[in-house]
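Opening the notebook on this one today. I want to jot down what I look up as I click through the model.

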Amino acid sequence: MPLSRLLTLIVGLSVILGLMLWLINSLYRLYIQISFTAPLLGNLLLLLLIVLLGVLIGGFIYYVMILQGTAKGSQQRRRLPKVPEAKTEAASETLKAVRQQVAQIQDEVSRQALLERSREIEANLARGELLVVVFGTGSAGKTSLVNALIGRMVGRVDAPMGTTEVGETYVLKLKGLNRQILITDTPGILEAGVAGTQREQLARQLATEADLLLFVVDNDLRQSEYNPLRTLAEIGKRSLLILNKTDLYTDTDKETILARLRERVRGFIATADVVAIAANPQLAELESGETFQPEPDVMPLIRRMAVVLRAEGEDLVADNILLQSQRLGDEARRLLDAQRRRQAEKVVERFQWIGAGVITVTPLPVVDLLATAAVNAQMVVEIGRIYGCELNMDRGRELALSLGKTLASLGIVQGAIELLSRVLQLSVAAYPIGKVIQGVTAAYLTRIAGKSFIEYFRHDQDWGDGGITEVVQRQFQLNRRDEFIKTFVQEAIARVVKPLAEAKEPQEERQSDPPQQ
């Protein structure tokens, strides 16, 4: 019972006791006076006063012991954090959105992989287990640490780098913690060779799935260790930095290394979360010459894990589930975006040559933006459909004309003509260059327009902070590189120039043939 309530109860009872003594004395005197004249009335008065006194005492006790306790309990219930529930609900909603996105992915392998991972996240959400992942270089003593934590052998101690090839998971119980704790020993990072790189990728993947990360080192942090630790912290991984093999150092050296570690990780790992242990101490020699194996010294880590998991366990599970579902959503969006981009680029490629054909077969003194806009309008409608946006032709024509005017106002039309003319004059000699330039330039401008519209629809029909001008200029710069221009002109010759030349030859032959008599 809180001290304030206890003092209130004592004071209240003291006051009531004093009033009772005074009232009993007064009632006794009143009773004596009335009983001589009206005995029955005296007895009724005494009974009534006793009942009222009992009600007063009972009401006071009920108020102090029950009502205040209930009110405080209600306040405590109201103060209970709702964060884990909110994050869990957010994770469930994210997983629903992921499944909707996954259904649109055409690649069967990718779709099934994402669905499987979403089911795994849902299963973890239902089980509510705490996943602790041991991470670090192969020589830092990760397996020895796991051995010491669970109290039995789970792998070879003093193993060379590369012994743990897959993530091995074991169960650990902590007193006072209802959730089941899973300890996963990962392959070491920074191992040589292709196999070492593959094992490191697995280790990093397991680390990103951890509720709590135990990052094990056996000395000061190297840059190659600091980088992955910092990266994992930046994506939200709760981490403990473990200095292992402290039995190899003097007390002074150990404190020096600990101080350096705490300084290096300041800002993303708390001082209390840098812990020193000796998971597998070396054999010690007695004065008699005999040797003995010291017990593992991992209690500092166990105590810190207990504090963290008891205080933050619910939030760690909720945070990790939310993080995993968000990362899965990001991956699904990347795959879907790549798929849509490939489809949209095929549309652009098809319409750029349609635009070239339209301009070439109807030669004009200059590139006619209105003619290309008519072609581009249908292209815009088809690109929009790929990104789930249904546009009518009027809206497509409006967008195409707007972009065409931007191309002209920025000087991109003239710049494209000059750029392509230089290359075409070196590549085309047997065909009127002016007509070729018009067709190829129309194809090139259609490509710039199509690429710009892909960016527009990728960002939910938004040109971005820089507007349409910045998007168009960026696409022009990306598509004016020498290597691309040479490849584009070669394809244009194959698709536009040669077909026109082949169509021209029969016409010239017919004109040169003498009329038959």
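Predicted model: local features only at pLDDT ≥ 70, side-chain atom pairs only at ≥ 80, totals over all residues.

Strand S1 (residues 130-136) runs parallel to strand S3 (residues 181-185), and 5 bridges link them. Val 132 has Ile 183 in S3 as its bridge partner.

Then I picked Ala 207, which sits in helix H6 (residues 193-208). Is Ala 207 buried or exposed? I log Ala 207 as buried, because its relative accessibility is 0% and the cut-off for buried is under 20%. Leaving out residues up to four places away in sequence, Ala 207 touches Val 133, Phe 135, Leu 213, Leu 232 and Lys 237. From its C-alpha to that of Thr 184, 23 residues apart along the chain, I read 9.3 Å.

Last, the cores. The largest nonpolar core has 47 residues, and Ile 383, Leu 403 and Phe 453 are among those touching the most other members. H13 gives this core its largest share, 12 residues. I also noted another core lying apart from it, with 44 residues including Val 98, Ile 105, Met 305 and Leu 336. Back at Phe 453, I listed its contacts beyond four places in sequence: Val 380, Ile 383, Leu 399, Ala 400, Leu 403 and Trp 463.

Conventions
Residues numbered from 1 in each chain as written. Heavy atoms only, no water. Helix = DSSP H or I, 4+ residues; strand = E, 2+ residues; numbered from the N terminus. Buried < 20%, exposed > 50% of the residue type's maximum accessible area, 1.4 Å probe, protein only. Contact = heavy atoms within 4.5 Å. Core = buried A, V, L, I, M, F, W, Y, C linked by side-chain atoms within 4.5 Å. Pairing = 2+ DSSP bridges.
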